[in-house]
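Me: I would like to go through the labels used for this protein model and hear the grounds for each one.

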Amino acid sequence: MVNIVDSGSKHAPQEMEQFLPGEGKVMYKIQPRKSDTEQALAGNDFDPFALRDNEHPTTDGETLTHLLKASLGTGILGMPVAFMYSGIVMGIFATIFTAFICTHCSYILVKCGHKLYYRTRRTKMTFAEIAESAFQKGPKWCRGFAPVAKFSILFGLFLTYFGTCSVYTVIVASNFEQLINYWTGTVISLRLLICALLVPLILIAWVPNLKYLAPVSMVANIFMGLGLGITFWYLVQDLPSVETREFVSWSTLPQFFSITIFAMEAIGVVMPLENNMKTPQSFLGICGVLSQGMSGVTLIYMLLGFLGYLHYGNATEQSITLNLPIEQWPAQAVKVLISLAVYCTFGLQFFVCLEIVWDGIKEKCTKRPLVVNYVLRTVMVTAAVVLAVAVPTIGPFMGLIGAFCFSILGLIFPVVIELIVHWETGFGKYNWILWKNIVIILCGIGALIFGSLAAIKDILATYSPPETSITLKN
């Protein structure tokens, strides 16, 4: 663009200025800058969604199925105890607030990705690539941080989701261990059961892409739905009056958020789902895939939390399944169904780790890339199972890693990316985007602190020696 500079003026021309001749000097009229999307569409030169080439694209329904499975994990079983920490009335409003924050952060991540598609003329990006491009295209002071931002996100996502795969292995094996011990009366080694899961886990990890993984997620949703349905049946039996429960509990409210945020958070699967969609524009919007999925998830979370705490009160366990009578076959069926749902979810969680590693090495694997890809899948699953065998009590440690990574990746990073993307175009009327994101960053810091404290408490409880009673003889 050619800039016309008036020698008598100290004003530096802006990118979108129009020059109008005046009385012997150049007059400037500054017009608001159009968004990158508007500029690209006005020129009809680039449409990332039309040019996107996916060999096996997923439909809106398949993407919604994956999103529901990613959000309806084992964390939902802790919602009743979360309501115990918040109070039965406060829990309803706090769940809605938490869901809104988590959904909004996912929304702005995808929205910023769509803006950056036009700026970089790319048709798809991962979470880490969005952060890198935002810093590279942002103001000069932040461009040097682009590699750091990309590495931090990749490292955090891989650490969290690879650890989650190991934890899922332990969860499935632990549930079957309890049932086998109850049915047979014999004690079976947990590590042996974890090893027995190696081949089934490798098979589900061999599902080639999200298109073919959609039926597996649908089966997982069915298993989880049946398990939750039986759980709800137990919860609605002989319900006490609402007045018998605490309405608001301010002192333990932080524990509520530390449980709920990490149960709902699914930031790692958002961009892989969007990147594989046939119509990625349908992911956002009031009636988009993201809004539909999170609305249903929020409703289920509230119902289970409300009914679970109302039924069991202060006797509510960390997982609601522990409150169910193990001697009854419907309660045993819940354990089996949830274990199968977790097993089917393993493929979706594993896909995040696989995508990170494969994107880093695929350019070096030009000979027989398909063979290398499946060898990589096998090695990674084996490593996750070996980790679970070595440390069956990995759960509390993953709670600490999740508290650290999800609060930063799921809440803080998306709003930082949004601030950088809007740095040149402005933050809206009264800088509302800036103030809104400051509030979310504070929420993320709070989740980091309280979530880490809760995880450390669990670690200490897991590894502290059991209390022994001393009997004095006369």
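Predicted model: local features only at pLDDT ≥ 70, side-chain atom pairs only at ≥ 80, totals over all residues.

Reply: Residues are numbered from 1 along each chain as its sequence is written, and side-chain values use heavy atoms, with hydrogens and water left out.

Me: What makes C165 buried or exposed?

Reply: Buried means under 20% relative accessible area, exposed over 50%, and partly exposed in between (1.4 Å probe, protein chains only). C165 has 1% relative accessibility, so C165 counts as buried. C353, with a relative accessible area of 0%, is buried as well. In the chain, buried residues make up 49% of the 474 residues.

Me: How do you know whether the sulfurs of C353 and C165 are bonded or too far for a bond?

Reply: A disulfide is a pair of cysteine sulfur atoms within 2.5 Å. The closest cysteine sulfur to that of C353 is in C165, at 4.6 Å, which is too far for a bond. The structure holds zero disulfides.

Me: Why is the pair K211 and E62 called a salt bridge?

Reply: The term asks for a side-chain nitrogen of Lys or Arg within 4 Å of a carboxyl oxygen of Asp or Glu. The side chains of K211 and E62 meet at 3.2 Å, N to O, and qualify. This pair links distant parts of the chain, with K211 in helix 11 (residues 210-235) and E62 in helix 3 (residues 60-71), 149 residues apart. K211 counts as partly exposed because its relative accessibility is 24%, whereas E62 is buried at 19%. The structure holds six salt bridges.

Me: What makes E418 and K436 a tie between parts of the chain?

Reply: Their side chains form a salt bridge of 2.7 Å, N to O. E418 lies in helix 17 (residues 395-421) and K436 in helix 18, so the bridge ties together parts 18 residues apart in sequence. E418 is buried at 7% relative accessibility, and K436 is buried at 17%. Helices here (H or I, at least four residues) and strands (E, at least two) are DSSP runs, numbered from the N terminus.

Me: Why is helix 6 called mostly covered?

Reply: Nine of the eleven residues of helix 6 (residues 127-137) are buried. Among them are F127, E129 and F135. E129 also meets R122 in a salt bridge (3.3 Å, N to O), and R122 counts as partly exposed at 30% relative accessibility.

Me: What makes W435, I438, L442, I445, I449, F450 and L453 a patch?

Reply: Patches are made of residues with over 30% relative accessible area and no salt bridge; like charges are joined within 9 Å, nonpolar side chains (Val, Leu, Ile, Met, Phe, Trp, Tyr) within 5 Å. These residues form a nonpolar patch on the surface, with about 690 Å² of accessible area together (Shrake-Rupley method, 1.4 Å probe; for residues, only the protein chains shown count as cover). L442 is in helix 18 (residues 432-463) and counts as exposed because its relative accessibility is 55%.
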